[in-house]
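Hi,

Here is the structure I promised to pass on. Have a look at it first, and then read my notes below.

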Amino acid sequence: MADDNEDIILADLSDDELVLQMHDDLYDGLKEEIEDGVHILLGRDWTPYDVLTKALVAGMTIVGADFRDGILFVPEVLLAANAMKGGMFILKPLLAETGAPRMGKMVIGTVKGDIHDIGKNLVGMMMEGAGFEVRDLGINNSVEKYLAAIEEEQPDILGMSALLTTTMPYMKVVIDTLKEKGMRDDYIVMVGGAPLNEEFSKAIGADAYCRDAAVAVETAKSFMLRKHNAMNA
Amino acid sequence: MAKGGTRARDPTKGKPMSTDLLSKLLAKNDWLLADGATGTNLFNMGLSSGEPPEMWNVEQPDNIRKLYKGAVDAGSDLFLTNSFGGNASRLKLHGFQDRVHELNRVAASLGREIADAAGRPVVVAGSVGPTGEIMVPVGPLTHALAVEMFHEQAEGLKAGGADVLWMETISAPEEYRAAAEAAALAGMPWCGTMSFDTAGRTMMGVTSAAMVEMVEKLPNAPIAFGANCGVGVSDLMRTVLGFVAQGTSRSIIAKGNAGIPKYHDGHIHYDGTPDLMADYAVLARDAGVRIIGGCCGTMPEHLRAMRHALETRPKGGIPTLDAITSALGGFSSASDGTGDTSGDPKRERRGRRG
């Protein structure tokens, strides 16, 4: 069937046009197009870091904003994140080789007793989309599992998710254990999940409640900025 | 068993759908009071965080009886069984995926016991929650597997004597349809509510209007449909008005949370008062809701206040959005997501590759 729109040949676009087109393709969740775009930019001698930040991260920022504003919903965001992953798969080894600057590292997981991972996965994907390194512990994580991963990864951020009122109090168990071990202040603790709110996050001693994946990314970025400023001060 | 004599009719088999207890009660009453929270009540009885509540059906059956009886004694005409997470996908987490039938059967049979002792007709509604997985095309769960899991759970609830299946807190239309198909396979009447918690829509982007359209297209439409959980009762009432605006003749269900969760000394406490829930119940009835209940945080004292208000306050017209916010508080988002031409992004397209 003929398409109303003319076919766009990615390789024929100028750098600026191609980047804008990639933002659109991310928005539409077109994985192959994103992979093509990444290869084309790399072929034009773009650094992997520039491809990541200007094409992919900037594109996912638009997706994140529209998700936050209730214009996009989970299915669209999952498709966009999947397209992003396609691009990241190409860039990841190159980024490591070129010693590109790091945004930060996050360990994330759903708490013990809770098998919900839709929101948690979205946060993980959007964080990767924002250039963060993410270690995803999956679902049903005991305090021991969180601690082992923290030990191993030395992340900047610990993210915990819960969808049930029956499981959300477990976040406090994890935070209290970090406190007991004198490790609490070494990490930024962000929590999220449908039944949570700001007040709950404060009551259990987390650093931030993140309403959705887009807010999680914004929050993580601002905490990392503060951390860098504090280190440079 | 006597041979050749007339067989007594087994009341649990081969019932035509129109004679189920819920339909009968709906035919006789303007509204029915459903129950409140399951999780919040069980927590107060000592359920600890991370434990699967469904195990209490067999390990602490007296607590489950107490849960059901709490609703019945507070005036509920219908209560949900303790089986929300009783599908194979959810129970697998605890290694109990082989006990789906048993845990659901016991959840329903304990309910049957309490309902039959109530001295008035009380509906045992077999709670069926989401699988927690994302369905194709965006996720890995296939329609066939979802139907199989819901069907397995439905058969357990049916064997335990549930009057009706009650799907709740569903976000994805694909999952709602799979649950509907499972109800048909089990030969059970059913109800199904979705949770509208994201800018007026479900997490998967379904609006109130889209839900009505989906429900009416099902080959086996539910007895009643509606909204549960979500973000407080104001948002839930706005969703209800969205259903009403579609001109549906099907019975509507409203089960809103009693406020928002707050944390006190290791426990979750919802901040909605019985008075707030009473106001909500009356507004829901005035909007045309036929089955009115609570969700998280709704305790027997809330249900009592709701019943009292429904029985004593005069019926008014369909409330306006302003009447809702002035009685129940503000909305969590500016719009309920309807009114857009579609879920399409409001960005200018740059054109598509062919």
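**What I found**

Is Asp45(A) buried or exposed? Asp45(A) is exposed, because 7 other C-beta atoms lie within 10 Å. The cut-offs are these: with C-beta atoms placed from the backbone, a residue is buried if 20 or more other C-beta atoms lie within 10 Å of its own, exposed if 12 or fewer, and partly exposed in between.

Before going on, please keep in mind that this is a predicted model, where local features need pLDDT of at least 70 and side-chain atom pairs count only at pLDDT 80 or more, while totals for chains, interfaces and linings use all residues. Residues are numbered from 1 along each chain as its sequence is written, and chains are lettered from A and ligands numbered from 1 in the order in which they are written.

For the complex, the predictor gives an ipTM of 0.76 and a pTM of 0.86. Chain B has a mean pLDDT (the predictor's confidence in each residue, from 0 to 100) of 90, and 90% of its residues reach 70 or more. Two stretches to treat separately: over residues 1-17 of chain B the pLDDT stays under 50, and the model has 3 contacts there beyond four places in sequence. Residues 341-346 of chain B are also below 50, with 7 contacts beyond near neighbours in sequence. By contact I mean that the C-beta atoms of two residues, placed from the backbone, lie within 7 Å.

**More on chain A**

The axes of H2(A) (residues 31-43) and H3(A) (residues 48-68) come within 10 Å and cross at roughly 135°. (Axes are lines fitted to C-alpha atoms, for helices over the stretch in contact, and angles run from 0 to 180 degrees between N-to-C directions.) H2(A) and H3(A) are therefore oblique to each other; angles under 35 degrees count as roughly parallel, over 145 as roughly antiparallel, 65 to 115 as roughly perpendicular and the rest as oblique. Gly37(A), Val38(A), Leu41(A) and Leu42(A) of H2(A) make the contact with Pro48(A), Val51(A) and Ala55(A) of H3(A). By class that is 6 nonpolar, 1 polar and no charged residues. (Ala, Val, Leu, Ile, Met, Phe, Trp, Tyr, Cys and Pro count as nonpolar, Asp, Glu, Lys and Arg as charged, and the others, Gly among them, as polar.)

Another aspartate is worth a look. Asp136(A) belongs to strand S2 (residues 133-136) of chain A and counts as buried, with 20 C-beta neighbours inside 10 Å. Leaving aside neighbours within four places in sequence, Asp136(A) is in contact with Ile108(A), Gly109(A) and Gly124(A).

**Over to chain B**

Chain B contains 13 helices and 10 strands, and 55% of its 354 residues are buried. Of its contacts with a separation of 6 or more, 80% are between residues 24 or more positions apart.

H4(B) (residues 61-73) and H6(B) (residues 100-116) have axes that come within 9 Å and cross at roughly 45°, which makes H4(B) oblique to H6(B). On the H4(B) side the residues are Pro61(B), Ile64(B), Arg65(B), Tyr68(B), Lys69(B) and Val72(B), and they meet Leu110(B), Gly111(B) and Ile114(B) in H6(B). That contact has 6 nonpolar, 1 polar and 2 charged residues.

Two backbone details to check on screen:

- The peptide bond from Val136(B) to Pro137(B) is cis, with omega near 10°; Pro137(B) lies in the loop between strand S3 (123-128) and helix H7 (143-159) of chain B.
- Thr169(B), in strand S4 (residues 164-170) of chain B, has a positive phi of about 60° although it is not a glycine. Thr169(B) is buried, with 23 other C-beta atoms within 10 Å.

**Where the chains meet**

How many residues of chain B are in contact with chain A? There are 37, and they touch 39 residues of chain A. Helix H2 (39-44) and strand S8 (261-264) of chain B each supply at least two residues of that side, which divides into 15 nonpolar, 13 polar and 9 charged.

Cheers

Definitions and conventions:
Helices (H or I, at least four residues) and strands (E, at least two) are DSSP runs, numbered from the N terminus.
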